[in-house]
Amino acid sequence: MQTLTPHVYWAQRHGDIYLRVELSDAKNLDISLQENTLHFKAQGRGANGDNDYGFCLDFLEPVQPKIAQVSHKSTQRQVNIKILKKEEHWWSRLTLQEKKPLFLAPDFDRWQDESDAEKELQAKEEQRINKISVESRVRRDPYLGLKKGYLFMYNLVQFLGFSWIFVNMTVRLFILGQDSFYDTFHTTADMMYFCQMMAVIEVINPLLGLVKTGFFPAMLQVTGRNVILFVIFGSLEQMQNKSVVFFVFYLWSTIEIFRYPFYMLACIDTEWKLLTWLRYTIWIPLYPMGVIAEAVAVIQSMPVFDETRVYSLPLPKALGQSLSFSYTLHVYLLIMFLGLFVNFRHLYKQRKRRFRSRKRKAN
């Protein structure tokens, strides 16, 4: 089949070249730029019916080696090509040869002379200046740097604390093996107390408007962990030597050594893609596992509370001596799993928003 030449219409701006190839139902497009020469081949319906069409253009001056944009739809009667000039200025003509090719004509729908283009550039520059002027008038938070510094230091302290717990437990696990399970509380409890007392700040920060995180999910997580640490482990010596302490502490610290560095980098407007992926992915298996470990600790503590009567509620003699705290823990177990659902849903939405945002930026 003979290759025919389609009708081609062109227009320019200071930085761009626009070509409109009159070819409908275009397929098998082959467009390339080599040494400032455009080669075009395609199959479609042109002035001479269905056929193979092609042409070659040698530009007057250098252009960018990559085509900026090609758009075509079967419902349209043309293929649109946008090419970027290497230097932004007005060309006296399109082609290197002075005589215009017969198939080439001005695109009057897009056509502008140099004075019109100058006015367009001027208008865009004025818009840019006006935008900068408006942005400069917007009142900036004078304490933004102080707030970011405070959040950075808080996340750094928490990261160092949980890292110490994680490394300590890991080293002891390798050295002592299963025996390290039973003295986890005595070797790491002080640091865990410190980190979890500091974590109360995460409930206060949303109330002060320092972070965008919701107050309710933060309160659920911090309160739940502090009940396990201070009430279940801290007040019952019988629970402090159990292996469940190891699993609870290890799961908590594993999640936090990825979460806090992510927030630290966010304070200085920096992102590591691997860390972002870990922060929004690793909690998917670890968070439910942590809640299950906490539930095991609660269930194991119930007989101890019944026996020791710690935190029991005194009752009138007619009703009995006291109401065991274990009844409260039954209700707490229900609340714990409701909290798991709420927090999991909240974190999953955060993950979807984060990766959707990254995908939009990449495109």
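Student: Is Phe-305 buried or exposed?
Tutor: Happy to start there, with the reminder that this is a predicted model. Phe-305 has a relative accessible area of 0%. Buried means under 20%, so Phe-305 counts as buried.

Student: And where does its ring partner Tyr-311 stand: buried, exposed or partly exposed?
Tutor: Phe-305 and Tyr-311 form an aromatic pair, with 6.1 Å centre to centre. For Tyr-311 the relative accessible area is 46%. That value lies between the 20% and 50% limits, so Tyr-311 is partly exposed.

Student: How many aromatic pairs are there in the whole structure?
Tutor: A search of the whole structure covers this one. The count of aromatic pairs is 20.

Student: What kind of pair do Phe-185 and Tyr-193 form?
Tutor: Both residues are buried. Their ring centres are 6.2 Å apart, and the planes make an angle of 85°. Planes over 60 degrees apart get their own class, so this pair is edge-to-face.

Student: Which ring does the charged end of Arg-259 sit over?
Tutor: Good one to look at in the model! The distance from the charged end of Arg-259 to the ring centre is 4.6 Å. The ring belongs to Tyr-260.

Note on methods
Residues are numbered from 1 along each chain as its sequence is written. This is a predicted model: local features need pLDDT of at least 70, side-chain atom pairs count only at pLDDT 80 or more; totals for chains, interfaces and linings use all residues. Side-chain values use heavy atoms; hydrogens and water are left out. Rings of Phe, Tyr and Trp (its six-membered ring) pair if their centres lie within 6.5 Å; planes under 30 degrees apart count as stacked, over 60 as edge-to-face and the rest as tilted. Buried means under 20% relative accessible area, exposed over 50%, partly exposed in between (1.4 Å probe, protein chains only). A charge sits over a ring if NZ of Lys or CZ of Arg is within 6 Å of the ring centre and within 35 degrees of the ring normal.
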